[in-house]
Amino acid sequence: NGNATAGINDQGEGELEDYVYEGLVLGATYFIHVINAGPSVPQTPGFAICVWGAPPPVNNNCSGAIALPMTAACTPVSGYTSGATWSGSTSGCGNGNQEQDDDVWYTVTATSGDLLLTVEGDGNASTGFDPVVELLYANNCNGSFNQITCADNTGPGDAEEIAFSGLSVGITYYVLVYDAGTDAPGTGTF
């Protein structure tokens, strides 16, 4: 007595069916119904099934934060949140932590007191990555994080930008990026 969330029947008899489903709720139970799509019982009615999840990105936790270069010109660094989980380390961007179900970590060591930080979505306005970005300070990953500023002003596929003056040169700051929604975006790539 459940609702079907996905179905697939793309291949022919004896061929592999493969499906990727994003947006599953952590801790929820899902049932997989396998049936023969042909008009008769196959000669060998057995099958093999395999289910696995996306591995978390290396920067899923603060301890794996990726260092971003602070340069005079933009040096893009690609990122993704597929497989990422909530770190539970901050209070979110003005609206609690209900959106932080897929955050990833970065660091930036200030070479200037002024910072311009841009996180670009994937360009898909209907199902794309809707970035939220937080600039944080802590002595280390085990410390208490203080939010300096954050940005959550645009929608799916768009870019978020933080312009901040007042950083201390030589100090390492933390950057937390996640999708604004509690459901998985069409892509976790930014």
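Q: Which residues of the largest nonpolar core touch the most other members?
A: The general idea first: in soluble globular proteins, nonpolar side chains tend to be buried together. This is a predicted model, and its largest nonpolar core has 20 residues. Val-133, Val-175 and Val-177 touch the most other members of that core. At least two residues of this core come from each of β2, β3, β4 (131–137) and β7. Apart from it there is another core of eleven residues, including Cys-62, Phe-145, Tyr-174 and Ala-180.

Q: What share of the residues of the protein chain counts as buried?
A: The cut-off to keep in mind is that buried means under 20% relative accessible area, and exposed means over 50%. By that rule, 28% of the 190 residues are buried. The accessible surface of the protein chain is about 12000 Å², and carbon and sulfur atoms hold 51% of it.

Q: Why does Val-175 count as buried?
A: For a single residue, compare its relative accessible area with the cut-off. Val-175 is buried because its value is 1%, and buried means under 20%. This residue belongs to strand β7. Leaving out residues up to four places away in sequence, Val-175 touches Val-104, Trp-105, Tyr-106, Val-108, Leu-117, Val-133, Glu-134 and Leu-135.

Q: Which residues does Val-177 touch, not counting residues up to four places away in sequence?
A: A contact list shows which parts of the chain meet at one residue. For Val-177 the list is Thr-81, Asp-102, Asp-103, Val-104, Tyr-106, Val-119, Phe-129, Val-132, Val-133 and Phe-190.

Q: Is Val-58 buried or exposed?
A: The same test applies outside the strands. Val-58 sits in the segment before β1 (66–68), and Val-58 counts as exposed because its relative accessibility is 68%. Beyond four places in sequence, Val-58 touches Gly-64 and Ile-66. Val-58 and Trp-105 are 47 residues apart along the chain, and their C-alpha atoms are separated by 9.1 Å.

Q: Where is Cys-93 found, and is Cys-93 buried or exposed?
A: Cys-93 is in the loop between β1 and β2, and with a relative accessible area of 11% Cys-93 is buried. Setting aside residues up to four places away in sequence, Cys-93 touches Val-132, Glu-134, Gln-147, Cys-150, Ala-151, Asp-152 and Tyr-178. From Cys-93 to Ala-180, the C-alpha to C-alpha distance is 9.4 Å across 87 residues of sequence.

Q: What is in contact with Gly-79, leaving aside its neighbours within four places in sequence?
A: A glycine can be read with the steps used above. Gly-79 is in contact with Tyr-106, Gly-188, Thr-189 and Phe-190. Gly-79 lies in the loop between β1 and β2 and is buried, at 7% relative accessible area. The C-alpha atoms of Gly-79 and Val-119, 40 residues apart along the chain, are 9.4 Å from each other.

Q: How many residues line the second largest pocket, and which lie nearest its centre?
A: For a pocket, look up the volume, then the lining, then where the lining comes from. The second largest pocket holds about 690 Å³ of space. Its lining has 24 residues, with Cys-74, Thr-75, Leu-116, Leu-117 and Thr-118 nearest the centre. By residue class, the lining has 17 nonpolar, five polar and two charged members.

Q: Which strands each supply at least two residues of that lining?
A: They are β2 (104–109), β3 (114–120) and β7 (172–179). The largest share, seven residues, comes from β3.

Technical notes. Residues numbered from 1 in each chain as written. Predicted model: local features only at pLDDT ≥ 70, side-chain atom pairs only at ≥ 80, totals over all residues. Heavy atoms only, no water. 1 Å grid on protein atoms, 1.4 Å probe; cavity = no way out; pocket = protein on both sides within 12 Å on 5 of 7 lines; lining within 4 Å. Points joined across faces, edges and corners; volume = space filled by probe spheres on them. Helix = DSSP H or I, 4+ residues; strand = E, 2+ residues; numbered from the N terminus. Nonpolar A, V, L, I, M, F, W, Y, C, P; charged D, E, K, R; others polar. Core = buried A, V, L, I, M, F, W, Y, C linked by side-chain atoms within 4.5 Å. Buried < 20%, exposed > 50% of the residue type's maximum accessible area, 1.4 Å probe, protein only. Contact = heavy atoms within 4.5 Å. Areas by Shrake-Rupley, 256 points an atom, 1.4 Å probe, with all protein chains shown as cover.
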